[in-house]
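Have both open and follow the topics below.

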Amino acid sequence: MADRVLPFKKDRDTGGFFAAADRHELVYRACNDCGASINPPHARCAACGSWNTGWKQASGKGRLFTWSVVEQQIHPAFPTPYTIVVVALEDDPSVRYVGYLDGAHDLKADMAMRVRFEPTEDGGALPQWIPDNAR
Amino acid sequence: MDELAIAARDKCAIAGIGVTDYMKDSGRSVLSLATEAALAALDDAGLAPEDVDGIVRCNHDQITHNDLGSSIGVTDLTYWGETGPGGVGPCAMVGQAMAAIMGGLANTVLVFRALNGRSEDRFGQGQHMTKGAPVIGGRSTYDEFFMPFGLMTAGQTFALMTQRHMTQYGTTSEHLGHIALACREYANRNPRAQMRDRALTMEDYMAGRMISSPLRLYDFCLETDGAAAVVVTTAERAKDLKAKPVLIRGQAGGCPTDMRGGMMFPVVMREDPTEPGGKRAGETLYRKTGIGPDEIDVAQIYDCFTISILLQLEAYGFCKKGEGGPFSASGALRPGGSLPINTGGGHLSEGYIHGMGHVIEAARQMRGESSSQVEGAETCLVTGGPLPTGSALMLRRA
């Protein structure tokens, strides 16, 4: 991929997600006291008021919430067509992550998806999502 | 709780409106556009730049209060305000002007939006957001969860919401097409609209190329160069000015309890991404103004995309949740329908001034000057960008 767009990985609220991804682990932010998920991640749990929050391991499985096949070329890193997927985690469907799929795909709402770690040129990895029945 | 809102009903007015042409390439600076629109609004009201003591801008505008003040010749600026984000701005900007006046912070407030949205800064080209940076996001933007995964633009975000609405409620492309066609019909009657001479049929709509499925070409608004401004002052004073005043009944913002941080992308993480911020803005506005959806004669609904209108028709209570498609296809939105919307053509067919054009067209309706004047219209709802929050404004004929 040309001119790859890499995430800023050192944000104090979100960096833990990308550090885990570099180790090929999928995590999400959750409250250690009340268990509520916090996504996108931040330090304080608004549900119970606790600052005692942390990263929870996710199974790497989820369901397709919505998607779009992009046909209009926007950025050189993403040649068209490609597909944007939004996946709800099996662990807690209120946590959703966005993934990139090369090409146009025939997808169905609620289909099973699984995570796949895509190596990036900075030596790390990004969690991407593919249909669970894909090889 | 609402005593102050009730006391403020109809106490302020839009005393003047001004616009530039809406164009593809203005060939001029954004400041020149803002200046032309502001001076036109003042002239319309019969006021001079020296009368202005307040300016409210949109947070996405490149023009600041002192830029505009110095260009038009404001001599005693006592109040300036800013809100947004982006297209959420205009209704809230008018509300901020009203609040400043009611609070005694200013007497005559200019509210403006100016952009070279086609020739310079095209919102549809996501890479302007990356600005060539080696890494993207961080600092509470949350862009790092989206842009590195190919979600770069508003169009793609709304496409994800549209697909979800289609999955949940069986909404179709043809439903969206009816919205595009209704707006085009109004534009065809509006000499200022960029699409004044271009008819649109359902065949044309369906043949439009796919941009980000399920959204096609005619689901998208027109990137535009242009500016629009209004002058807000007390209703009492506006009575004696040159133009017919338009009463500001009230203004409200809103967002879902499940709001999430960031700008627009995190909306796809909300429990229900198809509920725009406008749902609660509408509920609050109706309560504070005492005017409900059944009493609204005409509406200017923020339309960055066709789906934006569909979702807001549901959110503002014009139809039930999930029924925005069939309601749009019923003809209600078209000239002569039960809910004429975007009577100048809107963002989809008149021009994209980031919501400010909707305030202008609402004022024209309440002055009886629209190119698609709704006979006897006394109330007009205006809405602002549906993401990440919503804002709404109720105007009344004086």
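A residue counts as buried if 20 or more other C-beta atoms lie within 10 Å of its own. B:His354 has 29 C-beta neighbours inside 10 Å, so it counts as buried. Please keep in mind that this is a predicted model.

**Where chain A meets chain B**

- Contacts between the two chains involve 30 residues of chain A and 39 residues of chain B.
- On the chain A side, the elements giving two or more residues are β1 (6–7), β4 (61–70), β5 (82–89) and β6 (96–102).
- The largest share of that side, five residues, is provided by β4(A).
- Sorted by class, the side of chain A that touches chain B holds 17 nonpolar, nine polar and four charged residues.
- There is also strand pairing between the chains: β1(A) runs parallel to strand β5 (residues 135–136) of chain B, with two bridges.
- To find this pairing in your viewer, look for A:Pro7, whose bridge partner in β5(B) is B:Ile136.

**A buried strand in chain B**

- Strand β9 (residues 246–254) of chain B has nine of its nine residues buried, so it is largely enclosed by the rest of the structure.
- Strand β1 (residues 12–19) of chain B is joined to β9(B) by three bridges, and the two run antiparallel.
- In this pairing, B:Leu247 of β9(B) stands opposite B:Ala13.
- β9(B) also pairs with strand β12 (residues 390–397) of chain B, again in the antiparallel sense, over eight bridges.
- Here B:Gly254 has B:Gly390 in β12(B) as its bridge partner.

**Helices of chain B**

- Helix α7 (residues 173–187) and helix α11 (residues 306–315) of chain B have axes that come within 9 Å and cross at roughly 100 degrees.
- Helix α14 (residues 356–367) of chain B has 12 residues and spans 17 Å from its first C-alpha to its last, close to the 16 Å expected at 1.5 Å a residue.
- Since 11 of its 12 residues are buried, α14(B) is largely enclosed by the rest of the structure. Among the buried ones are B:His358, B:Glu361, B:Arg364 and B:Gln365.
- After α14(B) comes B:Gly368, with a positive phi near 80 degrees.

**Backbone features worth a look**

- Most residues other than glycine have a negative phi, and most peptide bonds are trans.
- In chain A, the peptide bond from A:Thr80 to A:Pro81 is cis, with omega near -5 degrees. A:Pro81 lies in the loop between β4 and β5 of chain A.
- In chain B, B:Leu387 and B:Pro388 are joined by a cis peptide bond with omega of about -10 degrees. B:Pro388 sits in the loop between β11 (379–384) and β12 of chain B.
- B:Asp10 is not a glycine, yet its phi is positive, about 60 degrees. This residue is in the loop between α1 (3–8) and β1 of chain B.
- B:His354 is found in the loop between α13 (346–349) and α14 of chain B.

Definitions and conventions: Residues are numbered from 1 along each chain as its sequence is written. Chains are lettered from A and ligands numbered from 1 in the order in which they are written. This is a predicted model: local features need pLDDT of at least 70, side-chain atom pairs count only at pLDDT 80 or more; totals for chains, interfaces and linings use all residues. Axes are lines fitted to C-alpha atoms, for helices over the stretch in contact, and angles run from 0 to 180 degrees between N-to-C directions. Helices (H or I, at least four residues) and strands (E, at least two) are DSSP runs, numbered from the N terminus. The expected span of a helix is 1.5 Å times one less than its number of residues. Two residues are in contact if their C-beta atoms, placed from the backbone, lie within 7 Å. Ala, Val, Leu, Ile, Met, Phe, Trp, Tyr, Cys and Pro count as nonpolar, Asp, Glu, Lys and Arg as charged, and the others, Gly among them, as polar. Two strands pair if DSSP finds at least two bridges between them.
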